Amino acid sequence: MSAALDAPERPAAPATFRNVSTARKIKDRLATVLVSLAFLIAVIPLVWLLVSVLIKGFPAIVSADWWTRSLSGVTPDEVRGGVYHAIVGTLVQAVISGVIAVPVGILAAVYLVEYGRGRLAKTTSFMVDILSGVPSIVAALFIFALFVSIVGLEQSGFLVGLALVLLMLPVVIRNTEEMLRLVPDELREASYALGIPKWKTILRIVLPTALSGTITGVMLAFARVMGETAPVLVLVGYARAINFNPFEGNQASLPLLIYTELSTNPSAAGQLRIWGGALTLILIVMLFQLAASLISRYSAISK
Amino acid sequence: MTPDGDEADANTVSERTTERAPSDDPETRGRPTGSATMSTVTDTQPTATDPGRTTSGGTGERVFRGLTTGSGLVVVAAIALIGLFLVVQAVPSLLANNANFLTSPEFVTTDAANLRFGIRDLLVVTLLSSLMALVIAMPIGMGIALFLTQYTPPRLAQPFSYVIGLLAAVPSIVFGLWGILVLAPAIEPFAAFLQTYLGWFFLFAPGNLPVLTGTIFTGGIVLAIMILPIITATTREVFAQTPRFQVEAAQALGATRWEVIRMAVLPYGRSGFIAASMLGLGRALGETIAVLLVIRAATSPSTGSLFDGGYTFASLIASAASEFSQPLPTGAYISAGLVLFVLTFVVNAIARVVAGGKVNG
């Protein structure tokens with residue numbers, strides 16, 4: 001009895017859980033440091049870039065003219081006018097692309113999830129991946145080769161929209177597909193059990209359930225294409241005045257404005273416009289991204 | 001629409017619907033004659049308790065299925081047409097080319113009667129800048145993916161990955177702008193240091209530019225930053241899918257966090273990581289405007305150094321875009337675009353094969 005009460009001087013057997021050896025500890029610490037460092041390394045350029053754009057572009061965007069006027073009649077070295085014409089062009093071209101890419105993309109996603117079986121579906125899914133990897137300059141060249149060289153159209157904002165369709169499609173398809181796959185099969189089965197045809201089930205049950213996620217995907221697709229520069233370089237000329245008509249004449253857009261000012265206007269006013277344009281572009285893109293994340297947050301698919 | 005593809009398609013769909021909806025709807029509506037020939041060949045199942053059968057034959061059903069299948073085919077057709085039209089437009093110029101297309105460093109298209117263009121230097125500059133970007137971005141991307149999935153508490157993982165996602169939201173022209181006006185002057189001393197002490201190595205030897213800003217070196221760093229969110233997003237997704245029991249088994253054996261990663265996470269995620277890197281490589285190969293703004297044009301041929309200037313496929317095409325008027329010179333640039341298309345096609349196809357369905361690129 002007393003032996004049990006006496007605390008033993010040392011354990012009879014080695015402890016079951018031994019301490020981690022120093023070498024292993026060091027390795028573990030080192031990995032932690034390196035991995036955290038990797039994250040920091042990525043944050044540095046992001047912050048650096050955003051801060052430089054903000055500092056250099058902010059003086060430009062605070063004027064009311066910046067958002068409401070074009071550069072029509074403004075000489076290169078005058079700090080006057082705004083980028084309204086470029087914002088209009090960017091939005092018009094994005095809308096053209098969206099009008100085509102959104103319905104086609106959603107329908108293609110429906111095909112892949114609901115109907116597609118066999119080799120054709122596999123090929124389609126593979127081609128969506130390939131399309132998402134097609135460089136924007138190649139998409140632009142293709143539209144140029146087809147519509148300008150062969151059909152003989154003039155360069156225009158509409159052609160830019162067509163090139164953007166190719167860039168938008170894979171984003172819309174992949175995001176919609178993901179959302180459709182999240183729709184529980186029970187919903188489909190309940191609808192079939194009521195004798196509803198498959199197509200009506202998809203239109204009335206499946207798509208509405210996946211709607212918010214689909215809209216998120218569409219917003220992200222818009223955010224992606226609005227910053228694209230390669231198609232506007234190849235497919236449309238720059239205009240300093242407002243042009244609402246995408247079918248005729250030159251049309252500015254924010255990337256094209258930045259590029260044109262950068263390559264032709266070394267004055268201080270030009271610099272201001274470049275950075276102001278960059279900041280405006282980032283703001284618009286982030287607005288769409290923000291909308292996307294808000295929509296997805298407030299309406300996740302619920303069972 | 002290929003006939004056999006459609007047939008197989010219709011067949012499997014009706015089977016699937018049968019499984020899904022084993023309900024009581026008797027065959028009330030007659031099946032339209034349009035699909036009868038097809039179905040009699042492929043369907044052997046009795047139809048009395050098969051709503052999928054009756055509905056799959058309705059007009060609405062046929063129209064809707066046609067629309068969706070057609071939309072899917074648009075994607076396939078787009079890729080086929082891109083290839084086709086680039087080839088059609090490139091061939092006449094390739095035939096009129098007076099230089100060797102594969103080995104010539106020249107790209108002279110000012111005289112339509114005497115085209116001399118080759119892709120050697122374009123290929124060298126494209127590969128050097130993209131591979132440099134990959135070498136930088138791969139370890140960092142993996143580190144971030146590990147940080148987000150294994151080290152960060154779940155509550156912080158969301159905002160942290162949002163921060164990395166912000167990098168993807170920055171338009172490439174802004175990266176280009178920042179790269180040449182802000183980053184290039186800032187890293188010039190580092191470039192000079194590398195050239196002074198490692199100049200004996202061909203990658204760091206003096207290049208064909210008189211300055212050290214706006215080189216492939218600068219471009220590679222900018223590209224690395226641009227492909228980082230792509231590599232991170234995909235790799236993170238794969239790492240997060242590591243089977244829980246494998247992680248727990250490693251922990252139960254007393255593994256440290258790093259050992260868990262080495263024994264469970266990395267082996268599971270390796271293929272996904274490689275696929276993600278390939279996707280990043282594809283993006284870097286085709287990046288246009290950032291490269292055009294950052295890497296300066298050079299007057300002499302490439303020397304294979306990172307401190308060279310020059311054009312990549314994409315930036316060369318963009319730089320000449322305003323001069324696309326005569327068909328033959330334009331065709332020369334389209335042939336360069338064709339090579340780029342094939343290059344990215346192959347890289348993305350490899351990414352998909354390596355991923356084996358784990359990654360949605």
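**Reading a predicted two-chain model**

Me: Among contacts in chain B between residues at least 6 apart in sequence, 77% join residues at least 24 apart. What makes two residues count as being in contact?

Reply: Their C-beta atoms, placed from the backbone, must lie within 7 Å. The structure is a predicted model, in which local features need pLDDT of at least 70 and side-chain atom pairs count only at pLDDT 80 or more, while totals for chains, interfaces and linings use all residues. Residues are numbered from 1 along each chain as its sequence is written, and chains are lettered from A and ligands numbered from 1 in the order in which they are written.

Me: How many residues does each chain give to the contact of chain B with chain A?

Reply: Chain B gives 80 residues and chain A gives 82. On the side of chain B, helix α4 (residues 59–96) contributes the most, with 18 residues. By class, that side of chain B has 46 nonpolar, 27 polar and 7 charged residues. Here Ala, Val, Leu, Ile, Met, Phe, Trp, Tyr, Cys and Pro are nonpolar, Asp, Glu, Lys and Arg are charged, and the others, Gly among them, are polar.

Me: Why are α5(A) and α4(B) called oblique to each other?

Reply: The axes of helix α5 (residues 118–133) of chain A and α4(B) cross at roughly 55° and come within 9 Å. Axes are lines fitted to C-alpha atoms, for helices over the stretch in contact, with angles from 0 to 180 degrees between N-to-C directions. Angles under 35 degrees are roughly parallel, over 145 roughly antiparallel, 65 to 115 roughly perpendicular, and the rest oblique. The two helices are therefore oblique to each other.

Me: Which residues meet where α5(A) passes α4(B)?

Reply: A:Thr123, A:Met127 and A:Leu131 are among those from α5(A), and B:Gly72, B:Val76 and B:Ile79 are among those from α4(B). By class, this contact has 8 nonpolar, 3 polar and no charged residues.

Me: What makes α5(B) oblique to α8(B)?

Reply: Helix α5 (residues 120–151) and helix α8 (residues 216–240) of chain B have axes that cross at roughly 40° and come within 6 Å, and that makes α5(B) oblique to α8(B). Their contact has 22 nonpolar, 8 polar and 1 charged residues.

Me: How is chain A divided into domains?

Reply: Domain 1 covers 22–62 and domain 2 covers 84–298, with bounds from an automatic or database domain assignment. The two contact each other through 8 residues from domain 1 and 8 residues from domain 2. On the side of domain 1 of chain A, these are 6 nonpolar, 1 polar and 1 charged. Over C-alpha atoms, the centres of the two domains are 30 Å apart.

How values were computed
Helices (H or I, at least four residues) and strands (E, at least two) are DSSP runs, numbered from the N terminus.
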